[in-house]
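Student: I have a fold open in my viewer and would like to learn how to read it. Can we go through it feature by feature?

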Amino acid sequence: MLRASDGVGIEAAYDPYEGEDPGGTAAAAGAIVLAHGFSGSVDRPALRRAVEVFTRYGAVVSFSFRGHGRSGGHSTVGDLEVLDLAAAVSWARSLGHERVATVGFSMGGSVVVRHGALRRPGPPPAHPSTEPTDFAESTDLAQPADLAEPADLVEADVDPAEHSDAVVAVSAPARWYYRGTAPMRRLHWVIQRPVGRLVSRYGLRTRIHPRDWDPVPLSPVAAAPLLAPTPLLVVHGDQDPYFPVDHPQSLAAAGDPESTELWLVEDFGHAENAADAALLHRIGGWVRDRWSGPAEGPA
């Protein structure tokens, strides 16, 4: 059980590197931190399948976001989850791993992009985000007593151990409040309505915080250009039922062209549940290639 910087307990697991390591390659010193999608957790079969593949490329740290699994707190659907990921990355480094890559799926994909921009040496980026919203069903925007300050605004002096050396966003949204597909309209109903949150709590085993974001956190597309020179890989399926391909295209276009790649994968659906072994191995190989040089943090 890890502890996020705002005190929330985060369940986590560690799986050692299982690949061949002739001569002591970079993989033995590297760790991949996995960030699941909404309603996932550290023990869900899809995430465990990803863990099994990625241990061929490095050690793997997996964890449950707040409000998920046996972690404490309530889900803020991508905002304070940056603190959970930072705790997992810091733990990986405390175990002796010189290189840490973050791989996130769906909601976790948005978190790894924002974490890569916000959890790095130096001052955080300017805030608030100027991205327009269409969240018409807003309720009480007053900050509740048990909701910490948004992750974008906490810890201006970031612990260098929290930074990632490479970022992979799989099936991630580029912008907030997207409701252009039926699955996303259903998800907004779950998040916004009391009965929806009740369904989420008992049907999806996911506890959602009842209050809206205030202020709106930095969006993934606004965070992407702040990542450089940290390598960013954007992976998305052409059959994704949640986010059409303009999301990965805009996310990749916002990143530094020298350090950003986009993979549009044919016949791939959404996130860890649809990622087959071939795609996971391809991602693991990309991460291993990023570890081929000396370990160093973002400039």
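Student: What covers the buried residues of α3?

Tutor: First the ground rules: this is a predicted model, where local features need pLDDT of at least 70, side-chain atom pairs count only at pLDDT 80 or more, and totals for chains, interfaces and linings use all residues. Residues are numbered from 1 along each chain as its sequence is written, and side-chain values use heavy atoms, with hydrogens and water left out. Helices (H or I, at least four residues) and strands (E, at least two) are DSSP runs, numbered from the N terminus. Contact means heavy atoms within 4.5 Å. Here, the cover over the buried residues of α3 includes β4 (30-35), α2 (81-94), β6 (99-105), β7 (166-170), α6 (220-223) and β8 (232-237).

Student: How many residues of α3 are buried?

Tutor: Buried means under 20% relative accessible area, exposed over 50%, and partly exposed in between (1.4 Å probe, protein chains only). For α3, that is twelve of its twelve residues, including Met107, Arg114, His115 and Leu118.

Student: And what about the sheet: which order do its strands take?

Tutor: Two strands pair if DSSP finds at least two bridges between them. In this model the seven strands form an open sheet, ordered β3-β5-β4-β6-β7-β8-β9, with mixed pairing. At the edges sit β3 (12-15) and β9 (260-265), each pairing on one side only.

Student: How many bridges join β8 to β9?

Tutor: Six, and the two strands run parallel. Look for Val234, which stands opposite Leu262 in β9.

Student: Which helix lies across β8 and β9?

Tutor: For angles, axes are lines fitted to C-alpha atoms, for helices over the stretch in contact, and the values run from 0 to 180 degrees between N-to-C directions. The helix you want is α7 (residues 246-254), running at about 165° to β9.

Student: How do α4 and α5 pack?

Tutor: Angles under 35 degrees count as roughly parallel, over 145 as roughly antiparallel, 65 to 115 as roughly perpendicular, and the rest as oblique. Helix α4 (residues 182-192) meets α5 at an angle of about 95°, their axes 5 Å apart, so α4 is roughly perpendicular to α5. Among the residues making the contact are Trp189 and Ile191 of α4, plus Pro194 and Val199 of α5.

Student: Last one: is His209 buried or exposed?

Tutor: His209 is found in the loop between α5 (194-203) and α6, and its relative accessible area of 8% makes it buried.
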